[in-house]
Amino acid sequence: MDELKFEQDLVRALLRDQHPDLAGLELRDVDGGWDNRQWRLGEELAVRLPRTERAPALLRTEQTWLPVLAKLLPLPTPTPVRIGKPSSLFEHTWTIARWVEGEPADHAPITRIDAAEILAEFLGVLHHEAPADAPANPTRGIPLAGLHVDSDGWAEVITDSATADAAREVWEKAVAAPTWQGTPLWLHGDLHPANVVVRDGMLAGVIDFGEMCAGDPATDLSAAWVLLPAGAASRFFDAYEHADEATIARARGWAVLRALGLIGIGRNGRLGLPGGKPTWEPAGYATLERVLAAN
């Protein structure tokens with residue numbers, strides 16, 4: 001489906017139709033979101049409606065698997081508590097989930113270095129063996145060589161050629177590193193600044209689990225540079241304990257890839273192009289600076 005725009009009247013009608021006991025709660029618009037549009041419902045809940053072609057499938061992944069994992073995780077997550085069914089009012093599934101309090105990290109970055117241990121604990125719990133029917137993802141948790149990235153085009157995103165060369169070197173080392181040989185582990189799959197929330201400089205919650213899948217934990221471990229402040233990566237890996245040199249090399253490659261994506265989408269936002277997010281550009285450059293400093 002084409003990206004849709006919704007109004008509160010539709011959300012209120014959906015609540016009255018399927019969840020009337022919640023329909024009287026205060027409804028407030030929430031800025032942000034990529035595949036889903038979100039409203040805060042009362043003090044403890046949020047309503048999420050898909051607005052892109054792929055969004056309903058991502059919501060179904062959250063609806064199926066996040067309730068299973070959330071009870072284990074040491075940080076708040078937007079766990080679905082009610083599921084909206086397709087109807088004459090809205091033809092796709094939708095979700096009522098727990099509200100996670102805090103500011104997205106693309107607006108309020110993590111500044112406390114001891115967030116390294118918080119993130120390590122979260123991923124240490126999440127990264128356990130996934131069941132055979134866990135979702136696969138064509139762009140997460142897979143060998144980096146399978147992504148067919150054209151590193152020669154990076155100079156189009158990174159204007160500094162020296163930075164582009166250094167990023168390409170990190171990427172090539174990551175691709176050449178031994179691939180993951182362990183059993184597929186549960187992954188969040190999409191850890192970047194807009195998908196975590198922060199309070200008082202500390203990581204306070206993890207949101208948007210639509211890309212969750214099974215695979216190589218290096219995808220998530222890139223968050224050591226994507227999310228944490230400068231100088232925190234080594235502290236993170238000491239706390240995480242289970243990443244060998246090859247896994248760290250792959251994680252750095254994923255961090256470079258994520259940085260370039262953030263810069264590109266952020267630049268589009270700065271230029272006023274569709275789908276752009278201006279707050280993502282500085283987050284992408286900060287990620288790139290941190291991961292290249294680890295060379």
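Trainee: Leaving aside neighbours within four places in sequence, which residues is Thr 61 in contact with?

Mentor: This is a predicted model, in which local features need pLDDT of at least 70 and side-chain atom pairs count only at pLDDT 80 or more, while totals for chains, interfaces and linings use all residues. Residues are numbered from 1 along each chain as its sequence is written, and side-chain values use heavy atoms, with hydrogens and water left out. Thr 61 is found in helix H2 (residues 55–70), where helices (H or I, at least four residues) and strands (E, at least two) are DSSP runs numbered from the N terminus. Taking contact as heavy atoms within 4.5 Å, and leaving aside neighbours within four places in sequence, Thr 61 touches Leu 66, Pro 135, Phe 209, Gly 210 and Met 212.

Trainee: Does Thr 61 count as buried or exposed?

Mentor: Buried means under 20% relative accessible area, exposed over 50%, and partly exposed in between, with a 1.4 Å probe and protein chains only. Thr 61 has a relative accessibility of 16%, so it counts as buried.

Trainee: Where is Leu 221 found, and what is its relative accessibility?

Mentor: Leu 221 is found in helix H5 (residues 218–221). Leaving aside neighbours within four places in sequence, its contacts include Leu 123, His 127, Phe 236 and Tyr 240. Leu 221 counts as buried because its relative accessibility is 0%.

Trainee: How many residues of strand S3 are buried?

Mentor: S3 covers residues 45–50 and is mostly covered. Leu 45, Val 47 and Leu 49 point one way, Ala 46, Arg 48 and Pro 50 the other way, and all are buried. The count of buried residues in S3 is therefore, with buried meaning under 20% relative accessible area, six of six.

Trainee: In which sense do S2 and S3 pair, and over how many bridges?

Mentor: Strands of a sheet pair through backbone hydrogen bonds, either parallel or antiparallel. Two strands count as paired if DSSP finds at least two bridges between them. In the hairpin of S2 and S3, three residues lie between the strands, and Gly 42 takes a positive phi near 65°. S2 (residues 36–41) and S3 pair in the antiparallel sense, over six bridges.

Trainee: Which residue is the bridge partner of Leu 45 in S5?

Mentor: In S3, Leu 45 is the bridge partner of Leu 41. S3 is also joined to strand S5 (residues 94–98) by four bridges, and these two strands run antiparallel. In S5, Leu 45 has as its bridge partner Arg 98.

Trainee: What is the relative accessible area of Asp 200?

Mentor: Asp 200 lies in the loop between S8 and S9. Its phi is near 55°, a positive value in a residue other than glycine. Asp 200 is exposed because its relative accessible area is 75%.

Trainee: How far apart are the end C-alpha atoms of helix H8?

Mentor: The expected span of a helix is 1.5 Å times one less than its number of residues. H8 (residues 245–270) has 26 residues and so should span 38 Å. That agrees with the distance between its end C-alpha atoms, 37 Å.

Trainee: What covers the buried residues of H4?

Mentor: Helix H4 (residues 161–176) reaches 22 Å from its first C-alpha to its last. Its buried residues include Arg 168, Val 170 and Trp 171. What covers the buried residues of H4 includes H8 and H9 (280–293).

Trainee: Which residues are the closest to the centre of the second largest pocket?

Mentor: On a 1 Å grid over the protein atoms alone, a pocket is an open set of points where a 1.4 Å probe fits, with protein on both sides within 12 Å along at least five of seven lines, and lining residues have an atom within 4 Å of a point. The second largest pocket has a volume of about 210 Å³, a volume being the space filled by probe spheres set on points that are joined across faces, edges and corners. Of its 15 lining residues, the closest to the centre are Ala 105, Pro 109, Ala 283, Ala 286 and Arg 290.

Trainee: Where does the largest share of the lining of the second largest pocket come from?

Mentor: The largest share of that lining is five residues. They come from helix H9.
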